[in-house]
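The sequence and the structure come first.

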Amino acid sequence: MSEREQALQRLHDQRPRLRALAHHILGSAVDAEDAVQETWLRVHRSPPRAVGNIDAWLTTAVAHTCLDLLRARRSRREYPSGTRLPDPLLVADHRSGPEEQALLSDSVSLAIQAVLTQLDPAERVAFVLHDIFAVPFDRIAALLDRTPAAARQSASRARRRLRAAPTPEGDLGDQRVVVDAFFAAARRGDFEALVAQLAPDIVLRADAGAGGGWEIHGPRDTATRALLFARPSSDVRPVLVNGAAGAVIMFGGQPGVLIAFTVTNERIAEIYVYADRERVAGFFR
């Protein structure tokens, strides 16, 4: 087997992991797929030669492609802050195939993913490569064209920003109990029971597409909005969103609204609502 064939075969085997890496850096499933495909083309055109660790080389190659995409995106000022939530990593509750397990094993919470999309490219790449994929700082430094100390500082700055993001607590079953109680209270129209499921400092963030996003703070205002999208007639189905409990609301048998939850201390600390039906449908294709 030639070096090109070996590299392409390894890229195929590592595709779920490399796509998860690109997704964390870019916050977009479509862009992540493009980054992995661009790396495939790069390997096909100019395969690595005399590489001791092909997996490490592929990881760096995908990260380099992502860095180029991030810098191009910033120069075009795409995705203005506050108007677009990052693409989620979705797995149906009942699915546990190899690719789904690979996605979940490398996933971060949606709250962390949302903060990642606000970091500058160097901070984002340094944190994801080092803290999630265990890439040493000397290799990250070469990718970023910085010293290892500067690469370490970029990851440290990212870490400080990310500490404020709540992370899901408890196992998936515990989270699902809280989420199910949330929907049950909303369907009954039981406002106080709904408020009881929400943390005092809860934040609800919604993306309705075309810059139509909004943010709500506090349990009572959040509960008021929740009563609108969790009606008694709603067809609500469970999904895993970045490895945590979530739900999709169906309309006419098709996905319409995706809701992700961050459960901490047995209460819901954050809710992410994807209300752009066209975008939500794309998540399930």
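The text below goes from the domain assignment to the helix pairs and then to one strand residue.

The model is predicted. The domain assignment of the protein chain gives domain 1, residues 1–76, and domain 2, residues 172–283. The C-alpha centres of domain 1 and domain 2 are 34 Å apart.

A further stretch is named in a record. The UniProt annotation "domain: RNA polymerase sigma factor 70 region 4 type", from an unreviewed entry, covers residues 110–162. In the model, residues 110–162 are 79% helix and 0% strand, and the end C-alpha atoms of this span lie 12 Å apart.

| Helix pair | Axis separation | Axis angle |
|---|---|---|
| H1 (residues 3–13) and H3 (residues 29–45) | within 9 Å | roughly 165° |
| H7 (residues 121–132) and H8 (residues 137–144) | within 10 Å | roughly 150° |
| H7 (residues 121–132) and H9 (residues 148–162) | 8 Å | about 90° |

**H7 with H9.** Helix H7 and helix H9 pack at an angle of about 90°, which makes H7 roughly perpendicular to H9. On the H7 side the contact is made by Ala122, Glu123, Ala126, Phe127, His130 and Asp131. The H9 side supplies Ala151, Ser154, Ala155, Arg157, Ala158, Arg159 and Leu162. By class, the residues of the contact of H7 with H9 divide into 7 nonpolar, 2 polar and 4 charged.

**H7 with H8.** The axes of H7 and H8 cross at roughly 150°; an angle over 145 degrees counts as roughly antiparallel, so H7 and H8 are roughly antiparallel to each other. The crossing of these two helices is right-handed. From H7, the contact uses Ala122, Val125, Ala126, Leu129 and His130, and from H8 it uses Phe137, Ile140, Leu143 and Leu144. The contact of H7 with H8 holds 8 nonpolar residues, 1 polar residue and no charged residues. Ala122, Ala126 and His130 of H7 are listed in the contact with H9 and also in the contact with H8.

**H1 with H3.** With axes crossing at roughly 165°, H1 and H3 are therefore roughly antiparallel to each other. Here the crossing is left-handed. Arg4, Ala7, Leu8 and Leu11 of H1 meet Val36, Thr39, Trp40, Val43, His44 and Arg45 of H3. The classes in the contact of H1 with H3 are 6 nonpolar, 2 polar and 2 charged residues.

Which residues does Leu90 touch, not counting residues up to four places away in sequence? Leu90 lies in strand S1, residues 90–92, and touches Leu240, Val241, Leu258, Phe283 and Phe284. Leu90 and Phe284 are 194 residues apart along the chain, and their C-alpha atoms are separated by 8.0 Å.

Conventions: Residues are numbered from 1 along each chain as its sequence is written. This is a predicted model: local features need pLDDT of at least 70, side-chain atom pairs count only at pLDDT 80 or more; totals for chains, interfaces and linings use all residues. Side-chain values use heavy atoms; hydrogens and water are left out. Axes are lines fitted to C-alpha atoms, for helices over the stretch in contact, and angles run from 0 to 180 degrees between N-to-C directions. Helices (H or I, at least four residues) and strands (E, at least two) are DSSP runs, numbered from the N terminus. Angles under 35 degrees count as roughly parallel, over 145 as roughly antiparallel, 65 to 115 as roughly perpendicular and the rest as oblique. Contact means heavy atoms within 4.5 Å. Ala, Val, Leu, Ile, Met, Phe, Trp, Tyr, Cys and Pro count as nonpolar, Asp, Glu, Lys and Arg as charged, and the others, Gly among them, as polar. Domain bounds come from an automatic or database domain assignment. UniProt positions are given in the numbering used here, feature names are shortened, and annotations may be inferred rather than shown by experiment. A crossing is left-handed if the near helix is turned anticlockwise from the far one by less than a right angle, and right-handed if clockwise.
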